[in-house]
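Subject: Structure for you to look at

Hello,

Please find the structure below, with notes on what was found in it.

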Amino acid sequence: MQSKLVPTVVAGASCAVLLGYFFAGGAPAARAPAPGAYTVVGFNDLGMHCMQEDFSEICILPPYNTLRAQVIERGEEPEILTSDVSVIYSVPNHMRASDKTNFWTFAPQLFGVQLAPDVGLTGNRLSGTMAPRKEEGIWEVTGIPLVPVDDAGRLDPYPLGLITVTGSQGTATTRAVLPVSSEMSCSLCHNTPGISVAQDILLKHDSLHGTHLVDQKPVLCASCHADPALGAPGQPGVSMLSHAMHGSHAPHAASSGLDNDCYACHPGVRTQCQRDVHHGLGIQCTDCHGGMSAVGNPARIPWTDQPRCSDCHNKPGSDYEQPGKLFKDSIGHGGIYCVTCHGAPHAIGPATTPVDNLQAITLQGHAGPINTCIVCHTSQPKDSFFHKVKD
Amino acid sequence: MRSNLYISFTSLMSVCASTAFAAPPAYIVKDLGTLSGANEAFEPGTIGLAASTAAIVGSSVTTLPNREFHAFRVVGDTMQDLGVLVGDEHSMAFGVNNSGDAVGVSYALGQLTYHGVLWSAAGATTSLGDVEPRDINESGAIAASTLVVAAPGTTHATLIVGRVSTDLGTLGGPTSMGLALNADNWVVGQSLLADGQKLHAFVHRNGSMLDLGTLGGSHSSALDVQGLTVVGVADTATGIPHATRWTLTPSGALASVTDLGKLPSAPSSAALGTNAAGTIVGISGDSAFRWHGGSMVDLNAHIAPTSTWHLMRATAIDANGRIVGTGKHAGLQRAFLLVPRAASDLDADGDVDAADLALLLGGWGSGEFDIDGDDTVNAADLAIMLGAWTG
């Protein structure tokens, strides 16, 4: 079910940027931001994390979610804080994982580490303390072992993380989506009767490449295919995982029978991980990323050569990503991350999923980019806002 | 007639002579099937979540365009699609009582709300509002979690009796979940503590919430209750989640806490369900377990050794000892039903027929395949078998 997007012009605020959209589906009435000493904005690093429930045969991606936040001490001249406050996180109602997946049974074989159950690959749990990255001006927790099922058993690929900041001036909280899905529909094609999907994948790999993976289960794909998403260097002479997956499957994409071929592997027709303002305007995955052959091109550097806002957005006088950085890692406006105002990749506001719009609505009363100055400033700045890296 | 019987008898004896059969397994495994949806690679096509003597409930992927999950109820051998509320996409059933009344949720992914549903045994569907019901007892009272409007993503444990909902509060933290209840409407579940990071099991009775504590670690959760016995999971002092049993006094005080251990080589365990006989089921590592009388066993060792099932999670056990859960069957992730094997079903195929008779006669005079426990296969055992004959 998609909600309608009704365009409207954001007026009356000197910091209003471009065109905004009021999200008509389920948005509460606009209201003034709650006053407080701190503002905290959280965001996921990728906009969607894939994982499996069953790791007994193959591991494409483990449970691994990353939450970031920027903490701002409000004032006439707001200050980005990376010290003097504590920042804790939890994922309410998603506080258990080891009874929902067998990841911890196979983690020693797959990753060579003995993890305590409910502890992720970087040592973090489903609740804890976020650490500052002072040079980047953010707080971060990596490798949260989040699974897409809540603690009652409900399928929920869009859990809300709760972030609480406590300092000498008081407290502030926010809620940010930590998207996670296991909807990788390999079975659309890998569906030989009588054997598992993973077995089918490994048998075909062995047949095509002369490997003997079927005898080496559980198999971590990134143990041979380099995968920057896991920081895995791979084996010399073996293609990167993204190249191998997109390149080898490109000839078969059209046979998925789906309106959006990407959802044959990426989550998915049910999850709809691409849910941002662009999706609401009818822009498809391939409009930004190109087709599978382009994504599988060996000359492309996976996770680095990504679509850039400036490929389409080119308003004179405005900056977009920083040179050499992606949207998700770029800053502007005095060190504020692009995603702090606009939302995470694939969930850029206003999103088609109300849960992704919650944070903006809570902070400023409406969905879309956070463009209400007094979310961070204690009074309306006299200077105009420019969409510049250095502003 | 005598001649024919003699020939038949000698034929059976001949079959017996060539049949080597180990001790028969304790359970017959049945595949609950699906609502006709395709199997997924990395998530179950069917999730069996609760069982009563009247029905089994859970959820299954469907053939709808976006592979929506729908709640189902199995009565006898018939799986019924319970559908969704108008405007929703998915539904999941979590609890069922011995009358066949089921509870669960109806919702759309990415929304801020979900809708509790009561599916009566008579076929009526009733919306319960913005709650996530998890269990229903014989008098129709429901344990649930109600969304906190002012704090999306968090809930409060709730008891619903008739049309009256009672907010059970929390253990000081921002969220709690009501996950099961007993015949006296004592609700068990989990709650964050005031620090916002630790999760603890609770029982709410006599108007107040009791923290059930842990096994020395930080976290615990209560997942089912029968009478005065609560089961769930709790961290040990070394931070390892173990299946746990708490017992209560009739006045609601904590009487004992028992670490149920885990299966050998498994990293952890969790108790997911129990019945009035005190048998407890759950997950340990990659396997479903049953615990009774101080002993935890891997249920995979108690089904036919030739079975193509691997039982991964046992989520519930009913008063008749039937166990429901999720596993892999010939490579497909499916829900299973374990039915205790009838004493006369010696080959554990779910029937008492000629094959069983052949085994009985093959053991004639010995202790193998003895049914009545006198260590000798004789006429008394034959009489029992004929009385249980299904053909």
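Two strands pair if DSSP finds at least two bridges between them. Helices (H or I, at least four residues) and strands (E, at least two) are DSSP runs, numbered from the N terminus. This is a predicted model, in which local features need pLDDT of at least 70 and side-chain atom pairs count only at pLDDT 80 or more, while totals for chains, interfaces and linings use all residues. Residues are numbered from 1 along each chain as its sequence is written, and chains are lettered from A and ligands numbered from 1 in the order in which they are written.

Strands of chain A

A hairpin of five residues joins S6(A) to S7(A). These two strands, S6 (residues 65-73) and S7 (residues 79-81), run antiparallel and are joined by three bridges. Within S7(A), A:Ile80 is the residue opposite A:Ile72.

How much of S6(A) is buried? A residue is buried if 20 or more other C-beta atoms lie within 10 Å of its own, exposed if 12 or fewer, and partly exposed in between, with C-beta atoms placed from the backbone. Seven of the nine residues of S6(A) are buried, so the strand is largely enclosed by the rest of the structure.

A hairpin of two residues connects S12(A) to S13(A). Strands S12 (residues 160-167) and S13 (residues 170-177) of chain A are antiparallel over eight bridges, and A:Leu160 faces A:Val177 in S13(A) as its opposite residue.

Helices of chain B

Helix H2 (residues 354-362) of chain B is mostly covered, with seven of its nine residues buried. Among them are B:Leu357 and B:Leu360. The axes of H2(B) and helix H3 (residues 379-387) of chain B come within 11 Å and cross at roughly 175°. Axes are lines fitted to C-alpha atoms, for helices over the stretch in contact, and angles run from 0 to 180 degrees between N-to-C directions. H2(B) and H3(B) are therefore roughly antiparallel to each other, a term for angles over 145 degrees.

Two residues are in contact if their C-beta atoms, placed from the backbone, lie within 7 Å. B:Asp356, B:Leu357 and B:Leu360 in H2(B) meet B:Asp381, B:Leu382 and B:Met385 in H3(B).

Nonpolar cores

A nonpolar core is a set of buried Ala, Val, Leu, Ile, Met, Phe, Trp, Tyr and Cys residues joined through C-beta atoms within 7 Å. The largest has 187 residues, and those with the most contacts inside it include A:Ala69, A:Val71 and B:Ala93. Strand S26 (residues 309-317) of chain B gives the largest share of this core, six residues. A second, separate core has eleven residues, including B:Val352 and B:Met385.

Where the chains meet

How many residues does each chain bring to the contact? Chain B brings 56 residues and chain A brings 54 residues. S14(B) supplies the largest share of the side of chain B that touches chain A, four residues.

Regards

Key
Angles under 35 degrees count as roughly parallel, over 145 as roughly antiparallel, 65 to 115 as roughly perpendicular and the rest as oblique.
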